[in-house]
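Please load the model in a viewer and keep the selection panel at hand.

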Amino acid sequence: MTMPTTSPSQTASPPPQPIRPAPARRPRDVGLSRLDMRYSPYLYIAPFFVVFGIFGAYPLLYTAWVALHDWEVGTDNPTFVGLDNFTKILSDSNFWNAVLNTVGIFLISTIPQLLLALVLANALNKRMRGRTLLRMGVLIPNITSVAAVAIVFSQLYSRDFGMINWILHFFGLGPYEWQAYKWSSWIAISTMVDWRWVGYNALIYLAAMQSIPRDIYESAALDGASSSKQFWRITVPLLRPTIIFTVIISTIGGLQLYAEPLLFNGGASALLGGTLRQSQTVTMYLMEQFFSRSEYGDMATVAWLLFLLILIFSAVNFAITSRLESTGKRGGSK
Amino acid sequence: VTTVTRTLPRQSSRPPMNKRRRDLFAASPLTFVLIIATVALSIFPLYYMVVVATRSNDAIGTLPPPFTPGGNIADNIGRLLSNENAAFVTGMINSAVISLSLTVSVVFFSTLAGFAFAKLRFAGRNKLMLSILLTMMVPAQLGVVPLYMMMAKLEWANHLQSVIVPFLVNGFGVFMMRQYVSQSVPDELIEAARVDGCSTLRIYWNIVLPALRPAIAVLALFTFMAQWNEFFWASLAMGDPSNPTVQISLQHLSTGYYNDYAQVFAGTVLSILPLLAVFILFGRQIIGGIMEGALKA
């Protein structure tokens, strides 16, 4: 597979030196060596398949079985109920509230996050001193743990002594009780998510930007294209595969949001996303079935519905990004 | 090996063309302002973490909020360490054991499997590789219920096995190592070693592993950080407050002691120290890993 690409450079360099003089081989060695070549690969890949088979594939399939049962945590006698769990969950307004929160937070966090990342990457792509240090600076939020981030942000957003309300009061705004309402908790949680992920996505975009040949920009500049025009007409369309990649990754991650809203709310109603479920996400709803209701069956059902939600959104987002990008490409100067 | 180091000489070795060319890619003042502002916003919450962790609770509950560190850190850490409900020290030790053992195991099994997929010929190779890629696309939440039931049945729940054994190796690591092996180890070298009578295990140990050193560093760093930060599965499997991971300990702290911010923040500061240390020492490799990974995706 790699032969065609590697062989030209290899023929130019001297053939690899034997590590030690070749020993005279006895027939037994040859037989052993053949056995080694034929069967050892399976031995080397076996750990993955054993671990995944037991702790990945089996649970995945078994989830379907559990979802069809009324199965209480700690008991060993599930009752088969068919699709009852699905009709029950799908008619639970709390489930749909969780879907709304998840999608809402996903949208108001992901769109600014990826746009900011694009702009930041474009800036980082310029020639400047101290690039590694600056890149480290924008990546540092991403290496911080979710729990620590959520704790700091819930303090920054606290009503009475939080930094954010204090800053807003200079503009005659607030004080807001950020946890108390849907819109405000959505915004607060989104800023947490974005703080953590803008820099990471920017580095991904930056990597792709560096592989765009610079002549394209030069000829565009000679044709009189402004730098913002170059950005939207050249950079963004050429980043198409990378943008699709980040959109899909953000979709998968964003729809599974759990730790941020959980720790942001804190206290007794943490798992509910606040007393009125202002910011309960689907994953929190899933865990509620376990911690508050002790229902394996309902938990598995929600897991399936979440998976479905992720599939639908990935497909929709893939379609949207592909279309946006190809219209951009049509208008772009090549 | 990182993109950072690779692109730098390439650009500077180019002869300067005309003035226009230089202007196009030079950072404008606006660019600088944007980047500096982003870096400041990125660092501020971490700085503020330190401010709160070193203050008394009285100082935190004032307006304007404190902007500079104080001298209360020892007191706050003392309260944290003697807080039996959070079991913070246990959490730190548990997370260190989990992260380090998984780093070793993920690197070992991934390089071994990556080597087999990249350089050894066997029936079903491509189909098996494809199935590994497919496993990477399924969200963790989907299998979580039976996995927990399994842990409960094995009586592993709330023991370290429950967060270690299921994650000894993963599709991402195998895929990443397969990519690196096929790029950085020439087929001819393997061929020569084999003619020489080397067993595949010897080839792996003496040729493949040394050539993979940079990639191993990246995978090890990613694995360590991801495991240190893991929250979702641990909140189920290690939910017992007396034997938590560090993240779960933080959760117990923040839900139970929200009026003792200073203590909670002392915990968050201590919990990110290992990450910061890793980042300061290996930031270049981590950035290189993210950027190279992006190009391969």
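**A helix pair in chain B**

In this predicted model, begin by selecting helix H6 (residues 88-119) and helix H15 (residues 246-256) of chain B, whose axes come within 7 Å and cross at roughly 155 degrees. Since angles over 145 degrees count as roughly antiparallel, H6(B) and H15(B) are therefore roughly antiparallel to each other. Next, display the side chains that form the contact: H6(B) contributes Phe88(B), Gly91(B), Met92(B) and Ser95(B), while H15(B) contributes Val246(B), Ser249(B), Leu250(B) and Leu253(B).

**Tyr296 of chain A**

Now select Tyr296(A), which is placed in helix H14 (residues 296-331) of chain A. Is Tyr296(A) buried or exposed? Its relative accessible area is 4%, so Tyr296(A) is buried. Apart from neighbours within four places in sequence, Tyr296(A) is in contact with Val66(A), Trp71(A), Glu72(A), Val73(A), Gly74(A) and Phe290(A), and with Val145(B), Tyr148(B) and Met149(B) of chain B.

**A nonpolar patch on chain A**

Finally, show the surface and select Leu107(A), Ile108(A), Ile111(A), Leu115(A), Tyr181(A), Trp183(A), Ile187(A) and Trp232(A), which make a nonpolar surface patch of about 790 Å². Colour helix H4 (93-124) and helix H8 (182-210) of chain A, each of which supplies at least two residues of the patch. Which helix gives the most to the nonpolar patch? That helix is H4(A), with four residues; Ile111(A) lies in helix H4 of chain A.

Conventions. Residues numbered from 1 in each chain as written. Chains lettered and ligands numbered in written order. Predicted model: local features only at pLDDT ≥ 70, side-chain atom pairs only at ≥ 80, totals over all residues. Heavy atoms only, no water. Patch = residues over 30% accessible without salt bridge, like charges linked within 9 Å, V, L, I, M, F, W, Y side chains within 5 Å. Areas by Shrake-Rupley, 256 points an atom, 1.4 Å probe, with all protein chains shown as cover. Salt bridge = Lys/Arg side-chain N within 4 Å of Asp/Glu carboxyl O. Buried < 20%, exposed > 50% of the residue type's maximum accessible area, 1.4 Å probe, protein only. Contact = heavy atoms within 4.5 Å. Axes fitted to C-alpha atoms, helices over the stretch in contact; angles between N-to-C directions. Parallel < 35°, antiparallel > 145°, perpendicular 65-115°, else oblique.
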